Amino acid sequence: MDAKRVLFITQEINPYLSESEVATICRDLPHGIQELGREIRTFLPKYGCINERRCQLHEVIRLSGMNLIIDDTDHPLIIKVASIQSARMQVYFIDNDDFFYRNATVFDENEEGFVNNDERAIFYVRGVFETIKKLRWIPDVIHCHGWLTALAPLYLKRMYADDPCFSRTKVIYSIYGKTFQSAFANDLKKKLKQDGATDNDMKLITTPDFVSLTKLAIQFSDAVILGAPEVDPEIVAHISKIQRRFLPYQLPENYISVYNEFYDLVMNSK
């Protein structure tokens with residue numbers, strides 16, 4: 001039997017970014033899942049603070065060269081790759097000079113979110129899906145980590161719903177405790193509708209803030225995991241309300257094996 005494929009879409013990975021809850025999990029989890037016999041691919045934005053020479057990134061020419069249109073503007077998609085040698089694991093990077101040139105990730109030095117974080121999130125998510133199609137590597141499960149990936153379930157289930165590459169792919173969204181105060185741009189709905197979202201899809205985005213984006217991710221996910229011991233109670237209540245397949249927070253010493261079993265449950269669900 002062929003090994004099941006798990007695609008990790010994340011906001012942070014150590015050692016390319018400093019240690020955090022998300023960065024540590026997204027370093028250890030793909031490695032552990034790979035060791036358990038799964039095929040994996042892992043994606044990360046190529047933030048300007050990631051040193052290409054030190055981290056030994058190189059561009060994958062055959063995957064680069066596509067333009068993605070966001071709000072009527074073309075943005076070149078550049079794909080880079082590097083390896084975490086100790087884990088025998090490759091990481092693909094989504095890059096673009098318009099979105100990822102800053103020497104920072106998603107916040108400035110005052111912990112304020114960048115005004116174009118909405119378009120960065122759209123570009124990142126679409127870039128991952130288009131790259132996966134070019135790779136002809138179709139995942140059984142997509143596991144999303146961090147709020148910059150919150151639009152991935154919507155794009156999978158709505159914008160890529162008729163794409164045969166993803167017809168059987170399930171999506172899991174991990175929720176973490178770190179939020180952001182500054183909301184996404186108020187015209188986020190317009191940009192998502194330009195890509196194929198419906199008015200009904202947008203009902204959860206009352207204000208394009210952390211809670212609304214997380215609710216949207218939950219709505220279009222097949223399953224949800226609590227990646228942190230403390231999560232906004234409004235979000236936890238929403239999970240219970242819509243009755244998504246759910247995995248509570250797992251302690252660091254055993255979460256990889258539990259996640260692996262959870263992937264099977266999600267893949268085998270109707």
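In the predicted model, helix H1 lies across strands S1, S2, S6 (78-84), S7 (89-95) and S8 (141-145), and runs at about 170° to S1, where contact means heavy atoms within 4.5 Å and axes are lines fitted to C-alpha atoms, for helices over the stretch in contact, with angles from 0 to 180 degrees between N-to-C directions. Helices (H or I, at least four residues) and strands (E, at least two) are DSSP runs numbered from the N terminus. Residues are numbered from 1 along each chain as its sequence is written. As the model is predicted, local features need pLDDT of at least 70 and side-chain atom pairs count only at pLDDT 80 or more, while totals for chains, interfaces and linings use all residues; side-chain values use heavy atoms, with hydrogens and water left out.

The open sheet comprises 9 strands in the order S3-S6-S7-S2-S1-S8-S9-S10-S11, with mixed pairing, two strands being paired if DSSP finds at least two bridges between them. Strands S3 (58-59) and S11 (245-247) stand at the edges with a single partner strand each, so one side of each is left without a neighbour in the sheet. S1 (residues 5-10) and S2 (residues 39-45) pair in the parallel sense over 5 bridges, and Leu7 has Arg41 in S2 as its bridge partner.

The axes of H1 (residues 21-35) and H8 (residues 255-267) come within 10 Å and cross at roughly 60°. In this contact, Ile25, Asp28, Leu29, Gly32 and Ile33 of H1 meet Tyr255, Ile256, Tyr259, Asn260 and Tyr263 of H8.
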